[in-house]
Amino acid sequence: MATHAGGLTATRPVRVQGLVRGFGDRTVLDGLDLEVGAGEFVALLGRSGSGKSTLLRTLAGLDGAVTGSGLVDVPDNSSVVFQDARLLPWQRVLDNVVLGLRGSDAPERGRAALAEVGLAGRERAWPSELSGGEQQRVALARALVSEPELLLADEPFGALDALTRLRMHDLLRELCARHRPAVLLVTHDVDEAVTLADRVLLLDAGRIAVDLAIDLPAPRSHRQPRFLAYRESLLRALGVDQTEG
Ligand SMILES: Nc1ncnc2c1ncn2[C@@H]1O[C@H](COP(=O)(O)OP(=O)(O)OP(=O)(O)O)[C@@H](O)[C@H]1O
């Protein structure tokens with residue numbers, strides 16, 4: 001099994017060496033190396049089935065059933081967000097946010113986190129009373145209220161409509177600029193990766209095949225020629241034929 005060593009390297013919240021992960025006969029991650037620096041925003045692209053979720057779940061310590069080996073070093077205080085918000089339906093919004101928090105200031109911190117994601121005043125709502133985008137805002141508040149050193153995000157905006165997704169990009173960028181967690185964001189969306197990340201990785205054949213630093217000033221616009229150049233080179237690496245559609 002992979003070694004899960006909590007937070008050994010303060011300057012490198014994520015350090016993965018020689019990670020091998022498989023299901024039965026099938027090897028999904030094949031000697032993968034990865035480092036994410038403090039406060040660095042890294043997006044992870046890859047074709048469907050390339051192992052992105054497997055990697056994220058391994059970092060989150062959520063993959064008990066698989067076999068494998070290698071070194072995985074992540075901070076103890078990591079948070080995870082998924083495509084679905086995974087709120088407890090029988091708990092009010094504020095209670096969902098402070099679920100893992102200790103201390104008498106938890107409600108106050110929870111309220112502040114909800115205000116940061118634009119949900120001040122909705123503390124006593126039930127999850128079912130919120131839209132999908134609002135539920136995802138609650139999930140972000142819950143993830144960030146503990147001031148994690150690492151935020152792991154698996155397609156967090158994948159189920160949202162295009163306009164809501166763009167709003168969530170702005171929100172996530174703001175939140176990350178303020179709280180500075182290291183981020184590993186799994187996404188199918190090349191534009192999302194180039195818009196948000198300091199570095200974009202491409203997972204292929206069980207390893208990181210492309211490691212591309214995105215050197216673009218904020219705010220990033222999809223019309224910038226350099227944005228388009230990054231987009232094109234990543235689409236090419238993914239094997240997407242850009243002459244189609
Ligand atoms: N619990 C499991 N049992 C058996 N095989 C699994 C399991 N989880 C994932 N796999 C297999 O591992 C491979 C990688 O899956 P994974 O979900 O990590 O890919 P992904 O890159 O996240 O895909 P997608 O982009 O479609 O979500 C796939 O072939 C998948 O079928």
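The domain assignment, which is automatic or taken from a database, divides the chain of this predicted model into domain 1 (37-66 + 149-240) and domain 2 (86-147). The C-alpha centres of the two domains are separated by 24 Å. Nine residues of domain 1 contact nine residues of domain 2, a contact being a pair of residues whose C-beta atoms, placed from the backbone, lie within 7 Å. Helix α5 (residues 162-179) supplies the largest share of the domain 1 side, five residues. Helices (H or I, at least four residues) and strands (E, at least two) are DSSP runs numbered from the N terminus. By class, the side of domain 1 that touches domain 2 consists of seven nonpolar, two polar and no charged residues. In this classification Ala, Val, Leu, Ile, Met, Phe, Trp, Tyr, Cys and Pro count as nonpolar, Asp, Glu, Lys and Arg as charged, and the others, Gly among them, as polar.

Residues are numbered from 1 along each chain as its sequence is written. Because the model is predicted, local features need pLDDT of at least 70 and side-chain atom pairs count only at pLDDT 80 or more, whereas totals for chains, interfaces and linings use all residues. The average pLDDT of the chain (the predictor's confidence in each residue, from 0 to 100) is 92, and 93% of the residues score at least 70. For the complex, the predictor gives an ipTM of 0.97 and a pTM of 0.93. Where pLDDT is low, predicted coordinates should not be read in detail.

The shell around the ligand is made up of Phe23, Val28, Gly46, Ser48, Gly49, Ser50, Gly51, Lys52, Ser53 and Thr54. The shell comprises two nonpolar, seven polar and one charged residue.

In helix α3 (residues 106-116), the buried residues are Gly110, Ala113 and Leu114. Seen down the axis of α3, these residues fall within an arc of 100°, so they line one face of the helix; the arc is that of the directions from the helix axis to the C-beta atoms. Burial is defined by the number of other C-beta atoms within 10 Å of a residue's own: 20 or more for buried, 12 or fewer for exposed, and partly exposed in between, with C-beta atoms placed from the backbone. An α-helix has 3.6 residues a turn, so residues three or four places apart point the same way. The cover over the buried residues of α3 includes α2 (93-97) and α4 (132-144). Just after α3, glycine 118 adopts a positive phi of about 85°.

Most residues other than glycine have a negative phi, and most peptide bonds are trans. Arginine 86, although not a glycine, has a positive phi of about 55°. This arginine 86 is located in the loop between β6 (78-81) and α2, and is partly exposed, with 14 other C-beta atoms within 10 Å. Glutamate 155, also a residue other than glycine, has a positive phi near 50°. The loop between β7 (150-154) and α5 holds glutamate 155, which is partly exposed, with 19 other C-beta atoms within 10 Å.

The peptide bond from alanine 218 to proline 219 is cis, with omega near -5°. Proline 219 sits in the loop between β10 (207-213) and α7 (225-237) and is exposed, with 9 other C-beta atoms within 10 Å. From proline 219 to arginine 21, 198 residues apart in sequence, the C-alpha to C-alpha distance is 38 Å.

Two strand residues were also examined. Aspartate 30 belongs to strand β3 (residues 26-36) and counts as partly exposed, with 14 C-beta neighbours inside 10 Å. Valine 20 is 10 residues from aspartate 30 in sequence and 4.7 Å from it in space, C-alpha to C-alpha. Leaving aside residues up to four places away in sequence, aspartate 30 touches Val20, Ala205, Gly206 and Arg207. Serine 69 is found in strand β5 (residues 67-74) and is partly exposed, with 13 C-beta neighbours inside 10 Å. A C-alpha separation of 22 Å lies between serine 69 and valine 186, which are 117 residues apart along the chain.

Definitions and conventions: Contact = placed C-beta atoms within 7 Å. Near = placed C-beta within 6 Å.
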